[in-house]
Amino acid sequence: MSDHPEQLKTARRVVRIVGAPVDLAQSRRGTDMGPSALRYAGLGPRLGRLGYAIHDCGNVRVPVVEEVIEHETRPLGEGNAYHLEAVAHVCGAIYEAAADCIGPDEQAVFLGGDHSISIGTVAAMGARANIGVLWIDAHADFNVPETSPSGNIHGMPVAALLGQGPSALTAIGTRSRLQPGRIAMIGLRDLDLHERARLVQSGIGIFTMTDVDEHGIGDVTRRALTFLGPVDRLHVSLDMDSLDPEIAPGVGTPVSGGLTYREAHLLMEILAATRQVSSLDIVEINPILDVQNRTARMAVDLAASLFGQRIL
Ligand SMILES: [Mn+2]
């Protein structure tokens, strides 16, 4: 695949990069190194070659877990959510950073970090436009503390964005509460028991790996866009565990049977063709578990496809 700078003939569009080195919301250490892995894999220059003006806003300040534990009075907040106070604080900081750093007509790439960061990123992008969210993930991330088997908040962001779960999380970005009909999930294949029951009744668009097998990723992606209906902008929340672990081994919660390399690129290309994509989260990369930064390099390839790189 070659880059096509001539695709963007109008004034150079701006892409802001915001890093959120968070590993507080899951139990395997290492996702805090995701922003470094993605920058090292050349994310900025790669998007720059597509004709964008790239500005890196740096990282949001995130405490390390040792620091959090030292000051924490209750590790399990509101029943069953580890490091709730610290995660809520960080998500609020991500929300503020997105609001401060990203101009009204600019695009953004948020570098996780575990998937809790999306509580801040989606709320921030939703505050400025009527957005549709594509949640590309092996998991639904739709737990609340009462249903979560682990108490890890990276399994709760979608619920929080819909106003369900601990008030510390649902308070972030309340001005722009997302509706379930504005979220479509693609790639699901591993749901917790009680989460599944909640999800079925939620009104969220659900497209599992079975749908991908049965209808193909092209059809599934178009159905997901139809489900979202008319929106001003699209936010893509890309959990790298949506991909098959064979091609993306550096994630904390790998599940076999994920999207292939070609499926993932076609998904991105179809979304790019809408010309509505305003923002992207790249989350759950764990460089400690990765093989020579393969997962971050894969993510950079996918980001390029989402931001308009095409074969022809
Ligand atoms: Mn996730």
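Entry 1, conventions. Buried means under 20% relative accessible area and exposed over 50%, with partly exposed in between (1.4 Å probe, protein chains only). The model is predicted, so I kept local features to pLDDT of at least 70 and side-chain atom pairs to pLDDT 80 or more, while totals for chains, interfaces and linings use all residues. Residues are numbered from 1 along each chain as its sequence is written, and side-chain values use heavy atoms, with hydrogens and water left out. Helices (H or I, at least four residues) and strands (E, at least two) are DSSP runs numbered from the N terminus.

I looked up S6, which spans residues 131-136, and found it mostly covered, with six of its six residues buried. Which residues point which way? Ile131, Val133 and Trp135 point one way from S6. Gly132, Leu134 and Ile136 point the other way, and these six are all buried. In a regular strand the side chains alternate between the two faces of the sheet.

I then listed the partners of S6, where two strands pair if DSSP finds at least two bridges between them. With strand S9 (residues 233-239), S6 pairs in the parallel sense over six bridges. Within S9, Leu234 stands opposite Gly132. With strand S7 (residues 183-188), S6 is again parallel, over four bridges. Ala184 in S7 is the bridge partner of Leu134.

I counted as donors the N, O and S atoms within 2.8 Å of the metal (3.2 Å for Na, K and Ca); water is not among the atoms, so sites may look incomplete. Which residues coordinate the manganese ion? They are His115 through ND1, and Asp137, Asp141 and Asp239 through OD, at 2.0 to 2.3 Å. Along the chain these donors follow the spacing H-x21-D-x3-D-x97-D. His115 and Asp137 link distant parts of the chain, 22 residues apart. His115 sits in the loop between strand S5 (107-112) and helix H5 (118-126), whereas Asp137 sits in the loop between S6 and helix H6 (157-161). I checked accessibility for this pair: His115 is buried at 0%, and Asp137 is buried at 0%.

The search of the whole structure returned one aromatic pair. Tyr52 and Phe307 form this pair, which is edge-to-face, with 5.7 Å centre to centre and 85 degrees between the planes. Tyr52 lies in the loop between helix H2 (43-48) and strand S2 (53-59), and Phe307 in the segment after helix H12 (294-306), so the pair ties together parts that are 255 residues apart in sequence. Tyr52 and Phe307 are both buried.

I also looked for charges over rings (NZ of Lys or CZ of Arg within 6 Å of the ring centre and within 35 degrees of the ring normal). Arg198 lies over the face of Phe142, 4.3 Å from the ring centre.

I took a salt bridge as a side-chain nitrogen of Lys or Arg within 4 Å of a carboxyl oxygen of Asp or Glu. How many salt bridges does the structure hold? It holds nine.

I noted three of them. Arg29 meets Asp23 at 3.0 Å, N to O. Arg29 is partly exposed at 37%, but Asp23 is buried at 4%.

Asp56 meets Arg39 at 2.7 Å, N to O. Asp56 is in strand S2 and Arg39 in helix H1 (residues 34-40), so the pair ties together parts that are 17 residues apart in sequence. Asp56 is partly exposed at 40%, and Arg39 is partly exposed at 28%.

Arg223 meets Asp219 at 2.9 Å, N to O. The two are separated by about one helical turn because they are four residues apart in helix H10 (residues 217-228). Arg223 is partly exposed at 39%, and Asp219 is partly exposed at 31%. Elsewhere, I found that salt bridges with shared partners join Asp23, Arg29 and Glu66 into one network.

I placed Arg233 in strand S9. Arg233 counts as buried at 19% relative accessibility. What does its side chain reach? The side chain of Arg233 reaches the backbone oxygen of Pro104 at 2.8 Å.

Definitions and conventions. Phe/Tyr/Trp six-rings, centres within 6.5 Å; stacked < 30°, edge-to-face > 60°. Polar contact = N/O pair within 3.5 Å; in protein donor to acceptor, adjacent residues only side chain to side chain.
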